[in-house]
Amino acid sequence: MKTVNACITRRALLAGLALVSAGTLAACGDKPAHEHGTIRIGASPSPHAEILNEFAAPRLEERGITLDVVEYTDYLKPNEDVISGELDANYFQHINYLTNYNEENGSDLVNAGAVHYEPFGMFPGRSSDLNAIADGATISVPNDPTNEGRALLLLQDLGLITLDEAAGVTATVNDITDNPHNLQFLEQEAAVLPSTLADVDFAIINGNYAIDAGLSLADAVATENAESTAIREQYVNIIATRPELEDDECIAALVEVLRGDDFATYLQETFGESVQAF
């Protein structure tokens, strides 16, 4: 198991050498100081691992930094492996999910930088016309604490339900105060929502799982407002790491690459509106 970040090790060595020969070493801010640095990072297959492998890795390689990307298909193991030291960082979750994870697990993972956001889409299953939604229609939503509330808020924005004002982004189906169409809700693990789409009238699917299933935001009958404050402040996808690596120069370089001027162009050409630069 890898417990020490290669970039940190390199930085410590450079700091020691600086005591002997001050002024001979450059920080990342001046030029790449980590010719042999490696970041081991966990990511969901798409779009995160795809972004890292296709966009970030070659640009970091030019700076002497290697990305070792490990793919995960669940939402728990990537954080566990950062905490244990198996990973240096991960890239799969939004700010709200990280906050909730830390609260529930007593962990202290930190946000090293916001990168992109994936608007939730409501996708057609057995039905396709929201304006003629049937009474008793079934809608599937993700069952994890942060994303379920997000899905229900979308339904509220569409005028299909009303939620208790106090619930906010943590809303569950128990917080629905008005449901004029008597909608039925199927709460499922986010990863299985695309595979059960044919069994429900509509499904609200996380962006990464929609992309994995070949769904585009253009296929959705409704989407979140990507310019909303909630999206930008709560649901931006981030690079997460341990506190001691928050200021690591290699991780900072990764965030810088993913915030570069050409990143938005890459996302638009590769994913359309499904993945949008922060």
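The legends below describe close-up views of a predicted model.

**View 1**

**View 1. The antiparallel pair made by strand 5 and strand 10**.
Strand 5 (residues 121-124) and strand 10 (residues 202-205) run antiparallel and are joined by four bridges. Within this pair, F123 stands opposite A203 in strand 10. In general, strands of a sheet pair through backbone hydrogen bonds, either parallel or antiparallel.

**View 2. Strand 12 and the burial of its residues**.
Strand 12 (residues 237-241) is mostly covered, with five of its five residues buried, that is, with each under 20% relative accessible area. In a regular strand the side chains alternate between the two faces of the sheet. In strand 12, N237, I239 and T241 point one way while I238 and A240 point the other way, and the residues on either side are all buried.

**View 3. Strand 12 with its partners, strand 3 and strand 4**.
Strand 3 (residues 89-91) runs antiparallel to strand 12 and is joined to it by two bridges, and in this pair N90 stands opposite A240. Strand 4 (residues 110-117) also pairs with strand 12 in the antiparallel sense, here over five bridges, and H116 stands opposite N237. Both N237 and A240, which take part in these facing positions, are buried, although they point opposite ways from strand 12.

**View 4. The largest pocket and the residues that line it**.
The largest pocket holds about 230 Å³ of space. It is lined by 15 residues, of which Y75, L76, Y97, D144 and E189 are the closest to its centre. Helix 4 (residues 95-105) provides the largest share of this lining, namely five residues. By class, the lining of the largest pocket divides into eight nonpolar, three polar and four charged residues.

**View 5. The largest cavity, with helix 5 and helix 6 in its lining**.
Rolling a probe the size of a water molecule over the atoms shows where empty space is left. In this model the count comes to two cavities of 30 Å³ or more, and the largest cavity has about 120 Å³ of space. Among the 13 residues that line the largest cavity, Y75, F92, H94, N206 and N208 are the closest to its centre. The elements that give two or more residues to this lining are helix 5 and helix 6 (207-212). Four nonpolar, seven polar and two charged residues make up the lining of the largest cavity. Y75 is listed among the residues closest to the centre both for the largest pocket and for the largest cavity.

**View 6. The second largest cavity, with strand 5 and helix 6 in its lining**.
The volume of the second largest cavity is about 60 Å³. Its lining consists of 13 residues, and the closest to its centre are P119, G207, A210, L217 and S274. Strand 5 and helix 6 are the elements that give two or more residues to this lining, and the largest share, three residues, comes from helix 6. By class, the lining of the second largest cavity has eight nonpolar, four polar and one charged residues.

Notes:
Residues numbered from 1 in each chain as written. Predicted model: local features only at pLDDT ≥ 70, side-chain atom pairs only at ≥ 80, totals over all residues. Heavy atoms only, no water. Pairing = 2+ DSSP bridges. Buried < 20%, exposed > 50% of the residue type's maximum accessible area, 1.4 Å probe, protein only. 1 Å grid on protein atoms, 1.4 Å probe; cavity = no way out; pocket = protein on both sides within 12 Å on 5 of 7 lines; lining within 4 Å. Points joined across faces, edges and corners; volume = space filled by probe spheres on them. Nonpolar A, V, L, I, M, F, W, Y, C, P; charged D, E, K, R; others polar.
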